[in-house]
Amino acid sequence: MAAVNFVDVRKSFGAVPVIKGVNVEIEDGEFVILVGPSGCGKSTLLRMLAGLENISAGEIRIGNRVVNTVPPKDRDIAMVFQNYALYPHMTVADNMAFSLNLKGTSKEEIGKRVKGAAEILGLSRLLDRYPRQLSGGQRQRVAMGRAIVRDPQVFLFDEPLSNLDAKLRVAMRAEIKELHQRLKTTTVYVTHDQIEAMTMADKIVVMHDGIVEQIGAPLDLYDRPANLFVAGFIGSPAMNMIPGKLSPDDRTKFITSDGTILPVANPSAKAEGRALIYGLRPEYIRLDPAGLPAEVVVIEPTGYETQMITKFGGSDVTCVFRERVQAKPGETINVSIDAEHVHLFDAETGERLSK
């Protein structure tokens, strides 16, 4: 195992910069997820760590070694791809053993490692099968087994669950997390799915347009997003964003563009006199007969909760209720807001104005 460090890493394709000075420290044994929308640079950063892309400037370190010019095969990393990349003419055992055969590892050692990885991943009964005889989840486990047998310093995962159906993705998330807890190997994982990031990571790196927007533990990013981008990207359903400003007479009142007054608890003095965005997560809106009137636009029952798009404050606002709400589109309900969980952002810069 080893720590991984990106030090002012930059990458350009021709004259177009795609990675714009990334600094990330990954501790030994940590599970770190690079997350962001398509085109943000997360896969490019992972490929540079793997040695599949050259870097334009900066340093990448694995352990105490700068690996900028080290060939991929000598970086002591193992990568799991989105498309499994299994050899169709080889059995599961042969696919898992392939990299060890290339290194000239003894047959006895190969057999030992393949057997051990197969037991960890529940593949012991499948070692004689071919990839065409496996389900998508089984193929992904074989790809993971091929990485495990190498016993690398760092595991790299490039959107490994994207080809799986929703139910299998949930199961594989748990398997990968459990695998990391068992092996304790430093892991760098790329995904565009923030649910994967929230449920699996020790630390999340949120990327956007080639830069790092914020780094932190999942709940830290959820509870204290640094800016509007992180606030809108982390969390499902997404945070509601309502434009307006603080009342000049009472800083605990937020006035929306249509004049609706919403509560704020102990706002920062920096928020006074600015155009603001009122950030409110859906779960902090509650049904309240004496509360603010809200027009029902769309109702989405999910069973254990009800998601509802309403309109108040001049904006569409998503709510999540644990109750089964008896309402129809076009009707009016009354809601209250937990002011302690309101976020204020500068409308111009997007910066969160902390309390």
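At what angle do the axes of helix H2 and helix H3 cross? I began my notebook with that. The model I am reading is a predicted one.

**Entry 1: H2 and H3**

I located helix H2 at residues 92–102 and helix H3 at residues 107–121. Their axes cross at roughly 135° and come within 10 Å. An angle over 145 degrees would count as roughly antiparallel. H2 and H3 are therefore oblique to each other. I also noted the hand of the crossing, which is right-handed.

Next I listed the residues that touch. H2 brings Ala 93, Met 96, Ala 97, Leu 100 and Asn 101 to the contact. H3 brings Ile 110, Arg 113, Val 114, Ala 117 and Ala 118. I sorted the contact of H2 with H3 by class and got eight nonpolar residues, one polar and one charged.

The spacing in these lists made me recall a rule. An α-helix has 3.6 residues a turn, so residues three or four places apart point the same way.

**Entry 2: what H2 hides**

Which residues of H2 are buried? I wrote down Val 92, Ala 93, Asn 95, Met 96, Ala 97, Ser 99 and Leu 100. I then looked for their cover, which includes H3 and helix H4 (136–148). Just after H2 I stopped at Gly 104, which has a positive phi of about 80°.

**Entry 3: H4 and H5**

I moved on to H4 and its packing with helix H5, residues 166–183. The axes of H4 and H5 lie 11 Å apart, at an angle of about 20°. Angles under 35 degrees count as roughly parallel, so H4 is roughly parallel to H5. The crossing of H4 and H5 is right-handed.

From H4, I noted Gly 136, Gly 137, Gln 140, Arg 141, Met 144 and Ile 148 at the contact. From H5, I noted Leu 168, Met 172, Glu 175, Ile 176, Leu 179 and Leu 183. The contact of H4 with H5 divides into seven nonpolar, three polar and two charged residues.

**Entry 4: a sheet of four strands**

In what order do the four strands of the open sheet stand? I read E17-E16-E15-E18, with antiparallel pairing. Strand E17 (315–321) and strand E18 (332–337) are at the edges. Each has a single partner strand, so one side of each has no neighbour in the sheet. From one strand to the next, the twist averages 55°.

I took one pair for a check. Strand E16, residues 306–312, pairs with E17 over seven bridges in the antiparallel sense. For Lys 311, I found the bridge partner Asp 316 in E17.

Terms used
Residues numbered from 1 in each chain as written. Predicted model: local features only at pLDDT ≥ 70, side-chain atom pairs only at ≥ 80, totals over all residues. Heavy atoms only, no water. Pairing = 2+ DSSP bridges. Helix = DSSP H or I, 4+ residues; strand = E, 2+ residues; numbered from the N terminus. Axes fitted to C-alpha atoms, helices over the stretch in contact; angles between N-to-C directions. Parallel < 35°, antiparallel > 145°, perpendicular 65-115°, else oblique. Left-handed = near helix turned anticlockwise from the far one by under 90°. Contact = heavy atoms within 4.5 Å. Nonpolar A, V, L, I, M, F, W, Y, C, P; charged D, E, K, R; others polar. Buried < 20%, exposed > 50% of the residue type's maximum accessible area, 1.4 Å probe, protein only.
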